[in-house]
Amino acid sequence: MEELQDAIEDAQYVNAISSVDDGPRPVLPWEVPTEEQLASWKEDILSKKEEGVPVPFQFDWTLSHALGFFLFSAYLKEKCDDYVQINFIEEVLRWRAAQGRIRAQITSTIVSNYLSPTTLPATVEEPTFTSEHTPAASSTENGNANRATNTKPPKTEINEFDLAREPTRIAADTIQDLRAQNWDESMSKCCVGLCGPVLDSILKRVDRLRNTPGFGVLSSVQKEPDDDKKSSFDALVAGETKSEQSATLEHEKKRSVRKLSVITNELPGDLFDEAEVIVAEHIREKHWAGFQISEYHSKLLDFLWIQDRKIVEEDFFVMRVLGRGGFGLVTACKKGTSGKLYAMKVMNKKRIKIKKAEQLTLNEQKCLADVNSPFVVNLKYSFQSTADVFLI
């Protein structure tokens with residue numbers, strides 16, 4: 001009978017993880033907080049405010065949460081159709097977290113798309129690499145390739161799950177002074193509205209990078225060259241086979257990118273800090289009040305309330321036993337609100353106490369919580385009941 005029961009449980013488990021084509025299916029509805037619950041929760045959060053930390057539920061605090069930043073960005077792009085400045089901030093946040101070739105590429109994107117004069121193209125034209133055997137393209141070709149246009153940079157979306165804006169350390173009075181000296185309402189200097197010493201300082205610092213051959217290719221690294229570029233390069237390397245032409249071009253690109261990466265790593269880590277703060281302050285004044293009365297803000301509060309709510313045993317549905325340990329069972333389970341599958345380790349408190357393994361249990365919980373790798377089991381949730389400790 002036990003073998004039959006195990007076979008039934010195996011069939012149910014395999015069916016649960018393989019028969020759903022459109023992903024996990026939740027089996028419990030999301031709990032929507034009442035106005036009284038939200039008000040009580042907000043009072044509790046405000047009462048725990050620490051000194052030196054942004055005021056909860058205000059602009060800096062909201063954007064310091066990945067979910068808050070994502071929903072505020074979506075509000076600007078979808079409801080306000082005002083995406084250029086928030087895209088600039090997103091790129092600056094990515095730049096701060098990047099190094100080497102990726103930072104060089106993002107530097108190129110920021111300078112070319114957002115900080116160049118509005119009469120320049122949104123993306124810098126890919127230059128023609130030169131070597132001892134390949135003469136440079138004519139100035140006429142370069143002039144035709146860089147025709148002026150007033151188009152906005154393309155809209156980009158957030159694909160990361162952890163993109164958030166750290167609260168600035170610049171004082172509020174200093175931010176207002178910076179904005180007064182470096183803001184251009186007409187957007188004539190660049191498409192994000194910067195001007196003055198801040199913009200000039202950034203462009204001066206990246207001058208060496210901008211004048212390095214290959215700078216333009218970074219901002220369009222994923223784009224395929226069109227037929228005109230191919231044919232012009234073919235003319236320059238006449239006498240070589242197609243494979244040799246491709247290899248030569250690829251070699252020049254890689255060498256240029258390596259050089260650009262080294263130069264980029266020499267740039268100061270606060271290169272875009274003042275510019276980002278000025279743009280963020282403009283966005284706050286223009287859109288924050290509207291965001292607070294929008295459905296996006298209501299959705300944010302609901303999600304944060306759910307995120308802050310304690311996880312309990314009833315949130316999970318046990319499916320089958322996966323194994324047995326010294327303190328209890330490891331079972332397959334499903335989270336009711338998302339339908340995601342997890343392994344639940346249940347450790348009985350009495351057994352832990354009998355074996356004097358309290359510290360061992362705490363160490364296990366801490367180690368699993370500290371792991372952050374797609375290849376190693378890590379901790380998603382932990383909670384306890386009167387009788388057991390649960391690690392999910």
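Is Cys191 buried or exposed? I note first that this is a predicted model. Cys191 comes out buried, at a relative accessible area of 18%, because the cut-off for buried is under 20%.

I got a count of zero. Cys191 is in none, and its nearest cysteine sulfur belongs to Cys190, 6.1 Å away. A disulfide would need the two sulfur atoms within 2.5 Å.

Then the rings. I found 17 aromatic pairs in the structure. One of them is Phe59 with Trp288, edge-to-face, with 5.6 Å between centres and 90° between planes. Which parts does this pair tie together? Phe59 is in helix H3 (residues 59-63) and Trp288 in helix H14 (residues 273-292), so the pair joins parts 229 residues apart in sequence. Phe59 is buried at 6% relative accessibility, and Trp288 is buried at 6% too.

I also looked at Tyr342 and Tyr381, an edge-to-face pair at 5.9 Å centre to centre and 85° between the planes. Tyr342 sits in strand E3 (residues 341-348), while Tyr381 is in the loop between helix H17 (358-370) and strand E4 (382-384), so this pair ties together parts 39 residues apart in sequence. I have Tyr342 down as buried, at 16% relative accessible area, and Tyr381 as partly exposed, at 24%.

Back to Phe59 and Trp288: ring pairs link both into a cluster with Phe72, Tyr75, Phe291 and Tyr296.

Last entry, charges over rings. Lys42 lies over the face of Phe57, 5.3 Å from the ring centre. Arg179 has its charged end over the ring of Trp183, 5.4 Å from the centre.

How values were computed: Residues are numbered from 1 along each chain as its sequence is written. This is a predicted model: local features need pLDDT of at least 70, side-chain atom pairs count only at pLDDT 80 or more; totals for chains, interfaces and linings use all residues. Side-chain values use heavy atoms; hydrogens and water are left out. Buried means under 20% relative accessible area, exposed over 50%, partly exposed in between (1.4 Å probe, protein chains only). Rings of Phe, Tyr and Trp (its six-membered ring) pair if their centres lie within 6.5 Å; planes under 30 degrees apart count as stacked, over 60 as edge-to-face and the rest as tilted. Helices (H or I, at least four residues) and strands (E, at least two) are DSSP runs, numbered from the N terminus. A charge sits over a ring if NZ of Lys or CZ of Arg is within 6 Å of the ring centre and within 35 degrees of the ring normal.
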